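Me: I've never looked at this structure before, and I'd like to learn how to read it. Could you walk me through some features?

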Amino acid sequence: MPQWLQWALIVGGLIVIVILLAVIRRQLSGVAEQRIRKQKAEAFQKQRRTDMIESIRVIAMAVEADQIEYSEACLRLKGLLDHVQPELLDQSPYQVFQQVHDKLQHMPTHRARKATDKKLVAKMDKERFAVEKEYGEAIQQAASAIRQHTFRDA
């Protein structure tokens, strides 16, 4: 084999090695960036869960101190528990949050409530107050229990 061909093959091999090293380096850089993004997303989700658990406890304390309407508390607690530990909504005493939610979910809130006819709003308020009265004691007990509940890790 002529010497010039040997040198050409050596140079060609070195070029291929350099190209492969560049590709490997780029891949490793991409993997590292992906790992960092994943860690940030996990940290965000963990903080979000912690914040939701804190919100659950604050709402429960507001119920115990009679600083929030029971219907609003149930709607909020049900929504938070759906994200944190949804199976609690099927267990006693927490199932009252789901029950009250089911009875009140058809009622408009926020802007929709403001846009609704005043007579209809008064009728719905009467219905809401009846539900709050019917479930009041159970809501109080569930709020006290949920405030003390130890949530499992996600």
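This is a predicted model: local features need pLDDT of at least 70, side-chain atom pairs count only at pLDDT 80 or more; totals for chains, interfaces and linings use all residues.

Me: Let's start with helices. At what angle do α1 and α2 pack, and how far apart are their axes?

Reply: For a pair of helices, look at the angle and the distance between the axes. Helix α1 covers residues 3-64 and helix α2 covers residues 70-84. They pack at an angle of about 155 degrees, and their axes are 10 Å apart. That makes α1 roughly antiparallel to α2, since angles over 145 degrees count that way. The crossing of α1 and α2 is left-handed.

Me: Which residues of α1 and α2 meet there?

Reply: On the α1 side you'll find R49, M52, I53, S55, I56, I59 and V63. Facing them from α2 are Y70, A73, R76, L77, L80, L81, H83 and V84. Sorted by class, this contact of α1 with α2 has 11 nonpolar, 2 polar and 2 charged residues.

Me: How do α3 and α5 cross?

Reply: The axes of α3 and α5 come within 9 Å, crossing at roughly 155 degrees. The two helices are therefore roughly antiparallel to each other. Here α3 passes α5 in a left-handed crossing. From α3, the contact is made by V96, F97, Q99, V100, K103 and L104. From α5 come E127, R128, V131, Y135, A138, I139, A142, A143 and I146. The residues of this α3 and α5 contact divide into 11 nonpolar, 1 polar and 3 charged.

Me: Now for charges. How many salt bridges are there?

Reply: The general idea is that side chains of opposite charge can pair when their charged atoms come close. In this model the count comes to 7 salt bridges.

Me: Is K78 buried or partly exposed, and what does K78 form a salt bridge with?

Reply: The idea here is to check accessibility along with the partner. K78 counts as buried, at 12% relative accessibility, because the cut-off for buried is under 20%. Its salt-bridge partner is D82, with the closest N and O atoms 2.6 Å apart. D82 counts as partly exposed, at 34% relative accessibility. K78 and D82 are 4 residues apart in helix α2, so about one helical turn separates them.

Me: And what about a pair that links distant parts of the chain?

Reply: For that, look at R152 and E87, whose side chains meet in a salt bridge at 2.8 Å, N to O. This pair links distant parts of the chain: R152 is in the segment after α5 (118-148), while E87 is in the loop between α2 and α3 (95-104), 65 residues apart. R152 counts as partly exposed at 38% relative accessibility, and E87 is partly exposed with a relative accessible area of 29%.

Me: Which residues are linked in a network of salt bridges?

Reply: A network shows up when you follow the links among several residues. In this case E69, D125, R128 and E132 are linked in one. R128 is also one of the α5 residues in the contact with α3.

Me: How far apart are A8 and E134 in space?

Reply: Compare sequence distance with spatial distance. A8 and E134 are 126 residues apart in sequence and 90 Å apart in space, C-alpha to C-alpha. A8 is in helix α1 and counts as partly exposed, at 42% relative accessibility.

Methods: Residues are numbered from 1 along each chain as its sequence is written. Side-chain values use heavy atoms; hydrogens and water are left out. Axes are lines fitted to C-alpha atoms, for helices over the stretch in contact, and angles run from 0 to 180 degrees between N-to-C directions. Angles under 35 degrees count as roughly parallel, over 145 as roughly antiparallel, 65 to 115 as roughly perpendicular and the rest as oblique. A crossing is left-handed if the near helix is turned anticlockwise from the far one by less than a right angle, and right-handed if clockwise. Contact means heavy atoms within 4.5 Å. Ala, Val, Leu, Ile, Met, Phe, Trp, Tyr, Cys and Pro count as nonpolar, Asp, Glu, Lys and Arg as charged, and the others, Gly among them, as polar. A salt bridge is a side-chain nitrogen of Lys or Arg within 4 Å of a carboxyl oxygen of Asp or Glu. Buried means under 20% relative accessible area, exposed over 50%, partly exposed in between (1.4 Å probe, protein chains only).
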